[in-house]
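Grab your viewer and work through them in order.

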Amino acid sequence: MQATQSGWKAKEVHESCFELLHIETVLHYALTSPEDCSAKLEKIGYSVGSRLVERYTRERGRFSDSLEMVKFICKEIWTDVFKKQVDNLKTNHKGIFVLNDAKYRALNKISASSATQSPPPVPSPAQLTAFGCGLIKGVLCSMGMPCEVSADFSSPNVQLPACNFTIKMEKDPR
């Protein structure tokens, strides 16, 4: 499906629009309310996640366990929002999951914008990953799985733009 004569596909246009909207939203909250920027961005992600669950699970049966729910995020939700699957999923089978995105696009903006002569204000990695944390939490909580989600981008084995999202389940429906 060609969108214009230049050969751009509609998918590519959607990706760039999402990236621009995301970075502008982060910058807006970082400048207007820096003390609660991450919380506001996480709320937006939570809302998007819960709405996507409603859309995707309307005609689908219930998930049997938390692993199935997390795989659903990795394959369906992440692909719809970020146009790629999660690169790696690890679990301890005790309610902790780690989703690895080796090229989390929002974190690309940090190194790209810091190389210019007079850079605009650069949001922190925590602000740039807050939407993703909220998205995951919104999906899982809407499926009846309360959890806490955090992003790790500073450990020795994670280098930007890679990011690990750690999910800690509060209970398991099994």
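**Exercise 1. Sort the lining of the largest pocket by residue class.**

Solution. The lining splits into eight nonpolar, three polar and four charged residues. Here Ala, Val, Leu, Ile, Met, Phe, Trp, Tyr, Cys and Pro are nonpolar, Asp, Glu, Lys and Arg are charged, and the others, Gly among them, are polar. Before going on, note that this is a predicted model, where local features need pLDDT of at least 70 and side-chain atom pairs count only at pLDDT 80 or more, while totals for chains, interfaces and linings use all residues. Residues are numbered from 1 along each chain as its sequence is written, and side-chain values use heavy atoms, with hydrogens and water left out.

**Exercise 2. Find the centre of the largest pocket and say which helices line it.**

Solution. Start with the term: on a 1 Å grid over the protein atoms alone, a pocket is an open set of points where a 1.4 Å probe fits, with protein on both sides within 12 Å along at least five of seven lines, and lining residues have an atom within 4 Å of a point. Of the 15 lining residues, Phe-18, Val-48, Leu-52, Val-81 and Phe-131 lie nearest the centre. Next, the helices (DSSP runs of H or I, at least four residues, numbered from the N terminus): helix 1 (10-32), helix 2 (37-57) and helix 3 (66-82) each supply at least two lining residues. Helix 2 gives the most, with six. Finally, the space in this pocket comes to about 320 Å³, counted as the space filled by probe spheres set on the points, which are joined across faces, edges and corners.

**Exercise 3. Describe the geometry of helix 5.**

Solution. Helix 5 (residues 125-142) has 18 residues and reaches 26 Å from first C-alpha to last, close to the expected 26 Å, which is 1.5 Å times one less than the number of residues. Now look for a kink: helix 5 bends by about 30° at Phe-131, taking the angle between axes fitted to the seven residues ending there and the seven starting there. Just past the helix, Gly-144 has a positive phi of about 85°.

**Exercise 4. Is Gln-127 buried or exposed?**

Solution. Gln-127 sits in helix 5, where 14 of the 18 residues are buried. Gln-127 counts as buried because its relative accessible area is 11%, and the cut-offs are under 20% for buried and over 50% for exposed, with partly exposed in between (1.4 Å probe, protein chains only). Its contacts (heavy atoms within 4.5 Å), leaving out residues up to four places away in sequence, are Val-26, Ala-30, Pro-34, Cys-37, Ser-38 and Leu-41.
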